[in-house]
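Subject: Structure handover

Hello,

Here is the structure I said I would pass on. My notes on what was found in it follow below.

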Amino acid sequence: MKLRRVIQKNCIYSKQKIITFFITAAFFSFIPSFIYADYASEHEIDKNVEKKQLDINKKLSEPEITEEFDDDFDDEFEDEFEENADLKVFDPLSGYNRFMTVCNDKLYFWALKPAAKGYSFVVPEPGRLAINRCFLNIMFPVRLANNLLQLKFKNAGIETLRFGINTTIGILGFGDPAQSRLKLKPCPEDFGQTLGHYGMGSGFYMVLPFFGPSNLRDAMGKIPDYFLNPVNYIEEGYAVMSIKAYGGFNSISLHIGAYESLQKGAVDFYILLRDSYEQNRIMKIKE
Amino acid sequence: MKAFFSFFLCLLIVGTVFADDDIDYVEKLIKTKLDAMILILEKDDITQQEKESRIIEIISPLFDFSKMAKLALGKRYWPGLSKKEKKEYSDIFIKRLKESYVNKFNLYTDEKINYKTPLRVKKKIHFPIELISKDHSVTMLCKLYKSKKGWIIYDAEVQGVSVISTYRSQFDQVLRKGSIDDLIIKLQQMDTKSADSSNLDNLNILPSTTSIKTIGNES
């Protein structure tokens, strides 16, 4: 009797164990499929129509097709890229934009780059990195406000922690112990991203003098961010301008070569800049 | 018996989710190739050209260059080309692609690579990688598909910008107003080993072709 009871007890215990294991296993096996479903696109393809078009194209093309150049266009590939074409940039000001792109380019190659090269010769890289970190640290209110507006409270908390740690231990932001020691990564947000987060489209592509590629939404978003930037509250106007200009210049000196490398790989550099900017903004808004 | 049956059932369900051989294979493949590439980039005792040729040797099998050439033109333009045009375009485009990849690798300066877990998206695999440098991190995404030769990269995204789609829109812009020969000429004129001066003069960025002389060309 005792033995039976013991065995029954053990059986019940193992039954419970198995049921909980089954439930947790089912739970864990469903999570990846949800993520997968979220991540995958929901495009419906009319495969018959596509296939007919492919057949026609095949007949029109040369009879001898080597394996390398076969005309079989996988629908899945084409659809992946055509979906993104829906996000094609609306560009009514293309004449002005192209002109401004050339202006900014000349400004970079004629003025900014030679000066930045000289500057980077005089000031060693660790110093310039530290100055860059200081400027980034000062822009904390912009990031905090926009993270809160997007209801990203965890990121807002991380940003606050980073600011506190870097200003004190990192000595006014010249160091970044929050990232190097505590692995707290920055969460950059601006008002353009906030507007995009809540569904506002980018409007049209617009190249700003000095600032470079932008769009209607992001350019408008610079206005609220202006009031959140502590540098703008310094009394003397010329000091504000020169501080901001210096910050931008210092940042350029750290990335000499990136712009040139981008130009090297372009057939139509204006289109490349435009699409890269838009795709990059879309990614930043999503994350 | 019922307990054992349900236990095996759980194992089956869990097993099918976690035992994804393709993802493991892709992860190992890319990790070994990139680690080998970094070893070469960090070597000091060989010339730059030697480094470049070795890198091309290692990295080329990973990419499906002919597929990329096809996708860069897209369904709208590729089927309409003659065989000779296809070959000419593909050769020059693939050459430029390889050059641009090598240029990007030359910008490497002790970045740490953080491999994330690959994801299955429809029939393809997306492999996110993070390059952590001194002051910022760059997120990359390698997109692979299963070809006859195995899993192979057909596109890469850098900071959310898909390389193939940028070529698509550039080529679309050129082919809307010109022919494939114009595009081939532009690809040939692409100066991938240019000096520090601006390349925009060659790119005819303004609607009307005006020549702006650059002052102070540095070599």
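A residue counts as exposed when its relative accessible area is over 50%. K183(A) has a relative accessible area of 65%, so K183(A) is exposed. Please keep in mind throughout that this is a predicted model.

K183(A) is found in the loop between α8 and α9 (191-197) of chain A. Its phi is near 55°, a positive value in a residue other than glycine. L172(A) is also not a glycine, and has a positive phi of about 60°. That residue lies in the loop between α7 (153-168) and α8 (177-180) of chain A. At 54% relative accessibility, L172(A) counts as exposed.

As for chain A overall, its secondary structure comes to 13 helices and 2 strands. The chain has 287 residues, of which 40% count as buried. Among contacts in chain A with a separation of 6 or more, 65% are between residues 24 or more positions apart.

Next, the strands of chain A. Strand β1 (residues 205-208) of chain A and strand β2 (residues 212-215) of chain A pair in the antiparallel sense over 4 bridges. M206(A) has S214(A) in β2(A) as its bridge partner. β1(A) and β2(A) form a hairpin, with 3 residues between them. In the turn, F210(A) has a positive phi of about 70°. In a regular strand the side chains alternate between the two faces of the sheet. In β1(A), Y205(A) and V207(A) are on one side, and M206(A) and L208(A) are on the other. These four residues are all buried, and both faces of β1(A) are covered.

In chain B I looked at two helix pairs. Two packed helices are described by the angle between their axes and the distance between the axes.

Helix α2 (residues 21-42) of chain B packs with helix α3 (residues 48-59) of chain B at an angle of about 175°, and their axes are 10 Å apart. An angle over 145 degrees counts as roughly antiparallel, and α2(B) and α3(B) are therefore roughly antiparallel to each other. On the α2(B) side the contact is made by K33(B), A36(B), M37(B), I40(B) and L41(B). On the α3(B) side it is made by K51(B), R54(B), I55(B), I58(B) and I59(B). By class, this contact of α2(B) with α3(B) has 7 nonpolar residues, 3 charged residues and no polar ones.

The other pair is helix α6 (residues 163-177) of chain B and helix α7 (residues 180-189) of chain B, which pack at an angle of about 130° with their axes 8 Å apart. That angle makes α6(B) oblique to α7(B). The crossing in which α6(B) passes α7(B) is right-handed. F171(B), V174(B) and L175(B) in α6(B) meet I180(B), L183(B), K186(B) and L187(B) in α7(B). The residues of this contact of α6(B) with α7(B) divide into 6 nonpolar and 1 charged, with no polar residue.

Last, S162(B), whose place is in strand β6 (residues 161-162) of chain B. Is S162(B) buried or exposed? S162(B) is buried, because its relative accessible area is 1%. Leaving aside neighbours within four places in sequence, S162(B) is in contact with F81(A) and Q279(A), and with K143(B), D155(B), A156(B) and E157(B). S162(B) and G178(B) are 16 residues apart along the chain, and their C-alpha atoms are separated by 24 Å.

Regards

Note on methods: Residues numbered from 1 in each chain as written. Chains lettered and ligands numbered in written order. Predicted model: local features only at pLDDT ≥ 70, side-chain atom pairs only at ≥ 80, totals over all residues. Heavy atoms only, no water. Axes fitted to C-alpha atoms, helices over the stretch in contact; angles between N-to-C directions. Parallel < 35°, antiparallel > 145°, perpendicular 65-115°, else oblique. Contact = heavy atoms within 4.5 Å. Nonpolar A, V, L, I, M, F, W, Y, C, P; charged D, E, K, R; others polar. Buried < 20%, exposed > 50% of the residue type's maximum accessible area, 1.4 Å probe, protein only. Pairing = 2+ DSSP bridges. Left-handed = near helix turned anticlockwise from the far one by under 90°.
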